[in-house]
Amino acid sequence: MLPKKLHAAILCSPGVGHLVPVLLLGRRLINHHNLHVTVLAVTTTTSTAESQLLNSLTADIQLPVIQIPAADISSVVSPDAKVVTKICAMMRETIPTIRTTISSMDPLPDVLVGDIFSTESWTIAEEIGMAKYVFITGNAWFTGLVTYSPVLDKEVVGQYVDQTEPFEIPDCKPVRPEDVVDPMLDRDDEDYRVYLKLAVGVTLADGILINTWENLEPQSLDALRNNEILRSVVKNKPVYTVGPITKKYERVGVKSEVIEWLDKQPERSVIYVSFGSGGTLSAEQITELAWGLELSQQRFVWVVRPPAGHIKDGSFFESGHSGEPNGEPEYLPEGFLNRTKKMGFVVRSWAPQVEILNHVSVAGFLTHCGWNSTLESISSGVPMIAWALYAEQRMNATMLTEELKVAVRPEVLPTKKVVGREEVEKMVRCLIEGEEGKGMTEKVKWLKEGAEEAMSVNGSSYISTCKFVDDCWSRIQQSI
């Protein structure tokens, strides 16, 4: 006899970027698909932002969450190891605790869903007899590159970034050498070897859930499902679209100071600037960005973070508090706050991003192109300035500018060259005042409507998630 509810355990690696969509996916599976869900969040002791976010979100969502302290990896990886290597090491070394936690759950989960860094936990699923699925918190194009990377590893000679032609992924949009994900930037580094192992782990899942929707990426999704080469790479596993899994705008409680400021601004007049929980700029780039915003004479809200070097690990595991005293930060141009006090609002720590993006006065978003922020911008109907920094953000920026045409971007990647104040001024004016900006606004509003339709009852993502649940039940029945 089958249980009344399917019990899914969702395993999440450290990092705010994965934690948010995992929690939101869990809530959706509970509220819209009648599952019993428990989130297992592996957390680090260094990230106050991660802990604060987890506590605030779980209070709002009322979702069962078990926090699992990440294992100490100081004796396993070197202090200067890259982020992917560190996260994968944390997840690998924490497997004994994850195993004990899952084994003690009553009832035992029927399904294990893990994010992309959790693939080594498939051994636990196999031991207990659970189905295992990977939840890709990025998009389908990124999924195509990751799963095809072991093939590219055998085909490409030399460094990826030294190639002159884009990398062909069967039936997907090619990936330019400069757009590859961070671990592919140096194939001699340990991070690359860890990434290849991770890529293989993704293909060993029983299915792939992707935070996207059918109408956003029809080409990549069709390739993952129907191209013979890619299907063989992912071992003919089903691909489910479950997105956009993103925070929704819900006005609760007292208005924050930044929202009160936005209330006083004209409709569609403000550029919102934020580089996410992990994005940091050089001191020189912060100066140029500040001058560019000032020269544009456009209203702005800027979430300012200390420059690179002030925060350990590129701030991936830490976000929020800047550690700066009140007053003008030393890394802003002298007098900047005073000169721009009528046209701008500077936030020194955290800002209610979804609420800001949904505000009628906001016309554009200068973003690092993290997939969470990208989805929040699209779901709010706000066009972007694509300022990619790390991970898969260069691919996201290319998709936004060249394929979806809802963003502009600097002429040279910001990670390769400082973007000058004149170019910042030009991009901001283009988005808020220019005809191109108006055209992008219309396009992104169309994408917003498509996203809402996909998540509605009988929408493509709702139906795809139902198929995922049905397939889980089928696996359980087959194992009885």
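There are two cavities of 30 Å³ or more here. A cavity is a set of points, on a 1 Å grid over the protein atoms alone, where a 1.4 Å probe fits but cannot get out, and its lining residues have an atom within 4 Å of a point. Volume is the space filled by probe spheres set on the points, with grid points joined across faces, edges and corners. Please keep in mind that this is a predicted model, in which local features need pLDDT of at least 70 and side-chain atom pairs count only at pLDDT 80 or more, while totals for chains, interfaces and linings use all residues. Residues are numbered from 1 along each chain as its sequence is written, and side-chain values use heavy atoms, leaving out hydrogens and water.

| Cavity | Volume | Lining residues by class |
|---|---|---|
| Largest | About 80 Å³ | seven nonpolar, two polar, one charged |

Around the largest cavity you will find, among others, Phe275, Leu281, Trp302 and Arg305. The lining of the second largest cavity includes Trp141, Lys173, Glu217 and Met399. Helices (H or I, at least four residues) and strands (E, at least two) are DSSP runs numbered from the N terminus.

Now for the packed regions. The largest nonpolar core has 91 residues, and Leu145, Met184, Tyr272, Val301 and Ile356 touch the most other members. Such a core joins buried Ala, Val, Leu, Ile, Met, Phe, Trp, Tyr and Cys residues through side-chain atoms within 4.5 Å. Beyond its neighbours within four places in sequence, Val301 is in contact with residues including Trp261, Tyr272, Phe345 and Ile356; contact means heavy atoms within 4.5 Å. A second, separate core of 32 residues includes Leu23 and Cys472.

Finally, visit helix 14 (residues 371–380): 10 of its 10 residues are buried, so it is largely enclosed by the rest of the structure. Buried means under 20% relative accessible area (1.4 Å probe, protein chains only). Its buried residues pack against elements including helix 1 (16–33), strand 11 (362–367) and helix 17 (435–455). Just after helix 14, Gly381 takes a positive phi of about 70°.

Technical notes
1 Å grid on protein atoms, 1.4 Å probe; cavity = no way out; pocket = protein on both sides within 12 Å on 5 of 7 lines; lining within 4 Å. Nonpolar A, V, L, I, M, F, W, Y, C, P; charged D, E, K, R; others polar. Buried < 20%, exposed > 50% of the residue type's maximum accessible area, 1.4 Å probe, protein only.
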